[in-house]
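Keep the structure open as you read.

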Amino acid sequence: MGFVAMGFTEHSPLPFETYYALPQQREQEYMDETNRLTRKYADQIKLYRALEQDFIPGVTEDFSSVSERLQLAYSIGSVHLVKPESSDDLWFIDGPERQKYDDGLDQFFDGDIRNAVTQYYHQMNQMIESQVFDVVGHLDKIKMHNAGRFFNPEDSWVQHLVDETLDLIKEKSLIVEVNTRGIYKKRADSYFPDHSTLKKVHQLKIPIIISSDAHLPEELNLGFAEARQHLLEFGFTTTLFFEGYSWIELPL
Ligand SMILES: [Zn+2]
């Protein structure tokens, strides 16, 4: 596919069973296999071991200890499970099942979408303020199963939440991931984050990377060319590139 570098970003281990996270007992296997591949393909492609770390306040392990234990090159920080303010429930906002999103909204937030979306962004803010990582993963994932039904992402209360999160991202010098997965999986009609947020990202001069969030080898480069074209139209001229010890700016 022409990649000169690639990072493996498995979902970080969680202290309960899921179908998607790396089980804690397989951490060593993940390290051994990524080490093996990095060495095997060293003369063809630069490979890195990273993680997409899940943040749930009071539940997930501190990102830094995970990064240290697994000797990660970098981390993506994401929210997939939203914890309501005053309970230990977890609202799964990702995955292929829309019904789960709808049920969680009803059960954990009494169907109050404004409260639920606010909680999502506040959890994201808490992650940005309290954890050490590099890239903010799929910033507005919360819109995916909404699909225009419960809230309009352009409403001022949503935009206000997005603005707060972007200000924090800027303050912490984090990178925003432009994630193409929602498009090629036909689960969203815009990137994560959507066009109006990307315009704000550009105005704030927050650096970006394009990511396919691939779960299969054949998904690795899906949507890259289109995303690059869109980003150029929005006025972006550069992207960041991980070169082993730091992120460098390269022409888009
Ligand atoms: Zn994710």
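Helix H1 (residues 27–40) holds both Glu 33 and Arg 36, three residues apart, or about one turn of the helix; helices here are DSSP runs of H or I with at least four residues, and strands are E runs of at least two, numbered from the N terminus. The two side chains meet in a salt bridge at 2.9 Å, N to O, a term for a side-chain nitrogen of Lys or Arg within 4 Å of a carboxyl oxygen of Asp or Glu. Glu 33 is partly exposed at 36% relative accessible area, and Arg 36 is partly exposed at 39% (buried means under 20%, exposed over 50%, partly exposed in between, with a 1.4 Å probe and protein chains only).

This is a predicted model, where local features need pLDDT of at least 70 and side-chain atom pairs pLDDT 80 or more, while totals for chains, interfaces and linings use all residues. Residues are numbered from 1 along each chain as its sequence is written, and side-chain values use heavy atoms, without hydrogens and water.

The structure holds 10 salt bridges. Another one joins Lys 83 and Asp 88 at 3.9 Å, N to O; Lys 83 is buried at 16%, whereas Asp 88 is exposed at 70%. Asp 140 and Lys 143 also pair, with their closest N and O atoms 3.2 Å apart, and both are buried.

Now turn to the zinc ion: Glu 52 (OE), His 80 (NE2) and His 138 (NE2) coordinate the ion at 2.1 to 2.2 Å (donors are N, O and S atoms within 2.8 Å of the metal, or 3.2 Å for Na, K and Ca; water is not among the atoms, so sites may look incomplete). Glu 52 sits in strand S2 (residues 46–54) and His 80 in the loop between strands S3 (75–78) and S4 (81–82), 28 residues apart. Both Glu 52 and His 80 are buried.
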